[in-house]
Amino acid sequence: MGGYGDVKLLREDGLRLDGRKIDEMRPVKIEAGVLPAADGSAMVTHGLNVAVAAVYGPMEAHPRKIQRQDRAVIDVRYNMAPFSTSDRIRPGYNRRSREISKVTAEALESVVLVERYPRSKIRVEIEILAAEAGTRCAGLTAAAVALADAGIPMRDLIVGVASGKVEGIVVLDLDKAEDNYGQADLPVGILPNTGEIAFLQMDGDLSPDEYNLAMEYNFKAAAEIHEIMVDALKRRYEGGEN
Amino acid sequence: MVELVPTLLRQELARLAEDDLRLDGRKQWEGREVTLETDCLYNAEGSAKVVMGGTIVYAGVKFELRTPWPDRPAQGSLMCGAELRPVAHRKYEPGPPSPQSIELGRVVDRGIRESGCIDMESLCIVPGEKVWGVMIDIHVLSDGGNIFDACGLAAIAALRTATVPAERFDVGEDYTLKVKGTPIMASFTRVGGRYIYDPSEEEELGGDERIHITLGDEGHLHSLQKGLRGVFTPAEFAEIFEVAHHRCTELRTLVANQEGN
């Protein structure tokens, strides 16, 4: 978080620089079954972010040392395409993508019925094609839809959403400028049916009250995105254009 | 891995070839339908998406300021790379760039570079000090066969729509990158003993060697590559070269039509 700076992020009329209200989400579009080679896939467009997820498996877990006798392991790779950001990213793994991959895998392992597939592996590949703040959430949402599209049993979907703080005000769904110059970011993965939380990160500075408000915004947005996720899956399986 | 499926597949492909048939009903020199979309990625200075059957490829162009090579002080540079990440197929493993992805990127790179469609001197800002480096990154999202042609098409289409982000780097006003020409690749694989154009995933799995031909606007050759185990005769090459000429012209028209929109 950049902390207090000279950059104005709220307008005189109380709206944000892109014209959104404090608790307004960027537009979200989801399509399931976008990659023919994958067992399941999804594309999530969240504002200017574009995340694609592919699922392969369940398959035999290699190497053997990663196998678990009682359940499947979920192997997640979150990767940003070199052209996804303003400055080109050198291809390959970095510390940030490794960490996001790890916590995303753990979140997905808490909803997938992994005990049904002992000693196997489910591969989840998340590719970010365009990044404008909020890619881990868009990637998590895409992964959940792709897992459902692959027919893998889950006890709930996961919705990735974030709230944060700019100029001392809690706002829903930070865009790039707000992420760079804001004061806090709280990305979470919410199970829409049970109301549980499977993914949680935060950085910056939030008071307990601000945290509660940010979480309230996150739950509200998660309900909205959940409808879009379900709609994407229905379109896929009602024999629509896919 | 036990090669049982490829063996059965090879037999089936050979049987079909006797009657001049293909697994998906195409004729020997018939390509799959190609859809091309450009300007589809927000942060790339030029971008394209190509769909060919089950194959989906994105290409994005980025620019950077760099100091020129000492032996070419007034020339910028062009680099084209491809990533075959595990997202694209279950056969791709994570790890450092594989020989296949390096070959893919380099074959596409040669076709574009050698066609001369980018004037390297036009990428010079201050001789000896500051030039543009143009980077084309190709991202294969789904490998449904013949990723070479899809990558070649995505790369040139993205390049042709690129805007030089001069304002962001504080070196003048943004302008459209000048690209003269549209080099296009056509790929052939030996399947059931004879060559076919635009192999599908199954045809690659049950096929033999492949040949990639990149042709410029005037029909000149700009890059050739033979890959995988196998040999071919000059007469066979003459035949596919003729086909390549037609298919490249069609795809060049597709690129031009997309730009016209």
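Why is S4(A) largely enclosed by the rest of the structure? Seven of its eight residues are buried, so S4(A) ends up largely enclosed; buried here means 20 or more other C-beta atoms, placed from the backbone, within 10 Å of a residue's own. This is a predicted model, where local features need pLDDT of at least 70, side-chain atom pairs count only at pLDDT 80 or more, and totals for chains, interfaces and linings use all residues. Residues are numbered from 1 along each chain as its sequence is written, while chains are lettered from A and ligands numbered from 1 in the order in which they are written.

**Chain A overall**
- Chain A has four helices and 10 strands, which are DSSP runs numbered from the N terminus (helices: H or I, at least four residues; strands: E, at least two).
- Along the sequence, the pattern goes β-β-β-β-α-β-α-β-β-α-β-β-β-α.
- Of its 242 residues, 52% count as buried.
- Its C-alpha atoms fill a box of roughly 55 × 40 × 35 Å along the principal axes.

**Around S4(A)**
- S4(A) and S5(A) run parallel, joined by eight bridges.
- In this pairing (DSSP must find at least two bridges), Ile74(A) sits opposite Ile122(A) of S5(A).

**Where chain A meets chain B**
- Here 26 residues of chain A are in contact with 27 of chain B, contact meaning C-beta atoms, placed from the backbone, within 7 Å.
- Strands S3 (49–60), S4 (73–80) and S5 (120–130) of chain A each give two or more residues to this side.
- S5(A) gives the most, with five residues.

Notes:
Two residues are in contact if their C-beta atoms, placed from the backbone, lie within 7 Å. A residue is buried if 20 or more other C-beta atoms lie within 10 Å of its own, exposed if 12 or fewer, and partly exposed in between; C-beta atoms are placed from the backbone.
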